[in-house]
Amino acid sequence: MTLPATNILTSDSLGDQDSIPAKSGNCGCDSSTTPEMDEKLRERIAKHPCYSEEAHHHYARMHVAVAPACNIQCNYCNRKYDCANESRPGVVSELLTPEEAAHKVLVIAGKIPQMTVLGVAGPGDPLANPEKTFRTFELIADKAPDIKLCLSTNGLMLTEYIDRIKQLNIDHVTITLNTIDPEIGAQIYSWVHYKRKRYRGVEGAKILLEKQLEGLQALKEADILCKVNSVMIPGINDKHLVEVNQAIRERGAFLHNIMPLISAPEHGTHFGLTGQRGPTGKELKEVQDNCSGNMKMMRHCRQCRADAVGLLGEDRSQEFTKDKFLEMTPEYNFETRQEVHEGIEKFREEIKAAKDKVLTGKKSTNNLKILVAVATKGGGLVNQHFGHAKEFQVYEVDGNEVRFVSHRKIDQYCQGGYSEAATADNIMKAIADCKAVLVSKIGNCPKEQLEAAGIKAVEAYDVIEKVALEFYEQYVQVNG
């Protein structure tokens, strides 16, 4: 296989992350699901970077900020409408009208033909802003029919608009559902505004929960794929998320995304100001593992801004601010986009063949598992310089497989004149539990710092699985 020096994006193996689980429901969730239905489901998620772990390395998404109002107040949320410096849900640089949003989508669909998904995810709740949200979808569906439409909601008003969602062919909906216990919900939500009345405490949480579960059932009946987001809050719902996972699985959810609480004081959220901590990487992985079973888990979420543009793990929104994109002429071209997608799919086939070759026949009885950190900018390859990485993808390796488990955000080591020593400690802490970091290149100074911390720097330009397994074999020989 020829490995192109490309920035097309990244892939990793279908593995159990992209397998269609045996569950109940119309969205591939029934234990009697046929192979034909499995294939149809794969087609539905094949180019969706949030619903497919493999696709998120190849295809981009964008969010448009047309929905400022919200009908609940979460203790982990503080919406900001003019912020370019924070990367988290609820934050945008500027609000758009539906017409501006549609123009932006057509511009970016031409500039970034790998962009396959358009989502409305805020900065408030899309269904608390139904006219703006659905007008945006109408304009895009008319002018760019190949772009998948996605909606993210707290679920409070979902049943009210399920017919409209179906009518517009919105095929993927995300519900943020953090608990199935109103007592726990009272600790997470400050208030819920429903039918012109504001409810607090257990009463408000109970209303929200009932509507969320009704909405999930409605999505199942409408054959709309549903991803459930759950924010993991240590000491509040962390132990409870296994029950949440079971409840959503029984109601036909396709994918469960358990995300860490973001609670820095400078964000101004209730949890941030009261000192509620987020989970450690180890704690998050443990809960995700406990919930995995036969439920499809999302581990590659980046908790994107409400105006994010580009691949998961990158944000190009500042390239397309309102003053810039309104001056750009849309270059959307269906045929050109399809040609790019065909090239991506051909490359994905080559990568898959290379991975299959590496993994075929692996029958090691060695039970040792280790973690490795990977610097990658696309294509399922180890292909990024250590100093350029803004995150590492972490894989768990044993003698038989290489499995993606998480990503770790870091401060970029090379910062154009800033002190590299100031970022080294941050990087070492982020990957302290890894035995190696796989990179295309690395300087002598960071290599020595890594080795002093017990982390091997491995330089390569090849398929991630191949490099990871080769290192694993060397590690086992030395460490037994």
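Modeller: The accessible surface of the protein chain comes to about 20,300 Å², and 47% of it belongs to carbon and sulfur atoms; these areas come from the Shrake-Rupley method with a 1.4 Å probe, and for residues only the protein chains shown count as cover. The model is a predicted one, in which local features need pLDDT of at least 70 and side-chain atom pairs count only at pLDDT 80 or more, whereas totals for chains, interfaces and linings use all residues. Residues are numbered from 1 along each chain as its sequence is written, and side-chain values use heavy atoms, with hydrogens and water left out.

Of the 480 residues in the protein chain, 56% are buried (under 20% relative accessible area, with a 1.4 Å probe and protein chains only). The protein chain holds 14 helices and 17 strands, taken as DSSP runs numbered from the N terminus (helices H or I, at least four residues; strands E, at least two).

The sheet in question is open and has five strands in the order β14-β13-β11-β15-β16, with mixed pairing; two strands pair if DSSP finds at least two bridges between them. Its edge strands, β14 (402–409) and β16 (456–459), each pair on one side only. From one strand to the next, the twist averages 25°.

Strand β11 (residues 370–374) is joined to β13 (residues 391–397) by five bridges, and the two run antiparallel. With β15, β11 pairs in the parallel sense over three bridges. A373 stands opposite V394 in β13 and opposite V437 in β15.

V437 in turn stands opposite A457 in β16, and β15 and β16 run parallel, joined by four bridges.

Finally, helix α14 (residues 464–479) lies across β11, β13, β14, β15 (436–439) and β16, and runs at about 135° to β11. Axes here are lines fitted to C-alpha atoms, for helices over the stretch in contact (heavy atoms within 4.5 Å), and angles run from 0 to 180 degrees between N-to-C directions.

Technical notes: Buried means under 20% relative accessible area, exposed over 50%, partly exposed in between (1.4 Å probe, protein chains only).
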